[in-house]
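Open your viewer and keep the selection tool ready. We will go from stop to stop.

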Amino acid sequence: MVEIGVIGGDGIGQEVVHAGMRVLEAAAGQEPGLELSFTEFPWGCEYYLEHGRMMPEDGLDTLAGCDAIYLGAVGWPTVPDHVSLWGLLLPIRRAFDQYVNLRPARLLQGVKSPLAAPDDLDITVVRENTEGEYSDSGGRVYRDTPHEIAVQESIFTRRGVERIIRYAFEEAESRRGLLVGATKSNGISITMPFFDEIFREISSEFPDVEASLMHADALAARLVLAPGSFDVVVGSNLFGDLLSEVTAAIAGAIGIAPSANLNPEGVYPSLFEPIHGSAPDIAGDGVANPAGAIWAGSLMLDHLGHHDTGARVLSALEETLASGTKTSDLGGSASTDEMTDSVVRRLEDNH
Ligand SMILES: NC(=O)c1ccc[n+]([C@@H]2O[C@H](COP(=O)([O-])OP(=O)(O)OC[C@H]3O[C@@H](n4cnc5c(N)ncnc54)[C@H](O)[C@@H]3O)[C@@H](O)[C@H]2O)c1
C-alpha cells in the first residue's frame with residue numbers, strides 16, 4: 001500500500017488535487033499490486049485563521065510517515081503570502097530535505113505556446129530547493145530612517161551545490177545528454193564562481209553529457225528564442241525559480257506545469273504539486289485546469305517506481321488535450337470535472 005498525504009490547501013488547490021486523485025486511482029487500478037491510500041489534511045489558510053498556524057505543531061511528524069505528499073496550492077488573500085509560504089511549504093521542503101525541485105516543461109499536443117513559432121520544447125529545469133538566495137539569514141537596521149539597510153545572505157554550501165549539480169548531470173544522462181548551468185559569475189563574484197567551479201569539477205564525472213555554463217540573463221533570452229536547443233537546465237534556488245517560470249510560460253499556460261520537490265535518496269517523502277497558486281479569481285467555479293495536478297501525479301508515480309503507470313497518466317492527459325477537451329484557460333470550454341472524466345476514460349480505453 002502506498003500512503004499518500006494530500007494537502008489540497010486553498011482555492012483551486014482543493015479542486016485540482018481531487019481531480020488528480022481520481023486519475024491516480026484509475027491508473028493505479030490498472031497496475032496489478034499497486035494500491036494507493038490517500039489521507040487528506042485540511043491545512044492551509046482557513047486552518048491558519050482558525051488555529052493561528054498553517055498546520056498543526058506535529059504536522060511534519062504526521063507527513064513523515066507518508067510515502068509521498070500531493071499538494072494543491074497554498075495561499076489566500078486573507079493571509080499574507082510570506083506567512084502561508086513559510087508556514088507550510090518551506091518547512092516541508094526543508095525538514096524533508098527536498099533539495100531538488102524538478103520542473104519539466106513540454107509542448108503538449110493541443111496546447112498553444114504564446115511563442116509564434118517555437119522550434120520545440122522539452123526541457124527539465126533542476127532547481128536547488130533548500131539554500132542559495134532563499135535563505136532566512138539577514139536583517140534590517142536603522143528602520144524607518146533614510147539610512148535604513150536591508151541585508152539578505154545567499155548561502156551556497158559545497159554539499160548543497162555538489163548534490164544539485166550531480167543530480168542534474170544524472171538527469172541529463174538519462175535524457176538527451178545536454179546540460180546548461182545557469183550562472184551569473186560576471187556580476188555575482190563570490191557564490192557564482194563557486195557554483196561554476198563545482199559544475200566544471202562534476203562535469204568530468206559525466207563524459208557523455210555535453211555541459212556548458214551560461215549567464216542566467218542570456219539563458220532566459222535563449223529559452224525564448226530557441227527553446228529546442230535545451231534539454232536540462234540547472235540553477236540555484238533563485239535562478240531555477242525564474243527560469244522554470246519562463247519554460248512554463250513557453251509551454252502554454254500556468255495551469256499545465258507540474259513540479260516535484262524531491263528527496264532523491266528517499267529518506268523523507270517527496271512532494272508533488274502543480275506550479276500554479278490558489279487562483280482566487282476562479283476558485284469555486286469548477287473551471288480550474290487540472291492538468292498541472294495530473295502531471296504532478298504522473299511524476300509522483302514515476303518517483304515511486306511506477307514508471308509505466310506514470311507515463312500512461314501523462315499520455316492520457318496529452319490525448320485529452322489533443323482531442324480539444326480542455327478548460328477555458330487553454331481556449332476550451334470543458335469544466336474541471338469534464339476534463340478529468342476524459343482523462344480517466346482515455347486511461348480505460350488505452351488499457
Ligand atoms: N505552490 C503554491 O502553493 C503557490 C504557487 C503560486 C502562488 N501561490 C499562492 O496562490 C495565491 C494566488 O496567487 P497568484 O494569483 O499570484 O497566482 P495563481 O497561479 O493562483 O493565479 C494566476 C492566474 O493564473 C490563473 N490560473 C492559475 N492556475 C490555474 C489553473 N489551474 N486553471 C486555470 N487558471 C489558472 C488564475 O486564474 C490567475 O488568473 C497567492 O496567495 C499565492 O501566494 C501558491
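**Stop 1**

Select F272. Leaving aside neighbours within four places in sequence, F272 is in contact with A68, I69, Y70, L71, S259, A260, L262, A296, L299, M300 and H303. Contact means heavy atoms within 4.5 Å.

A word on the model: it is predicted, so local features need pLDDT of at least 70 and side-chain atom pairs count only at pLDDT 80 or more, while totals for chains, interfaces and linings use all residues. Residues are numbered from 1 along each chain as its sequence is written, and side-chain values use heavy atoms, with hydrogens and water left out.

**Stop 2**

Buried means under 20% relative accessible area, exposed over 50%, and partly exposed in between (1.4 Å probe, protein chains only).

Helices (H or I, at least four residues) and strands (E, at least two) are DSSP runs, numbered from the N terminus.

**Stop 3**

Colour domain 1 and domain 2 separately. Their bounds come from an automatic or database domain assignment. The C-alpha centres of domain 1 and domain 2 lie 25 Å apart. The contact takes 11 residues from domain 1 and 11 residues from domain 2.

**Stop 3: a strand residue**

Go to T124 in strand β5, residues 122–128. Is T124 buried or exposed? T124 counts as buried because its relative accessibility is 2%. Not counting residues up to four places away in sequence, T124 touches L102, R103, P104, E171, R175, D231, V232 and V233.

**Stop 4: a loop**

Move to the loop between β6 (138–141) and β7, where you find Y142. D144 is in the loop between β6 and β7 too. Most residues other than glycine have a negative phi. Y142, not a glycine, has a positive phi of about 55°. D144, also not a glycine, has a positive phi of about 60°. Y142 is exposed, at 52% relative accessible area. D144 is exposed, at 75%.
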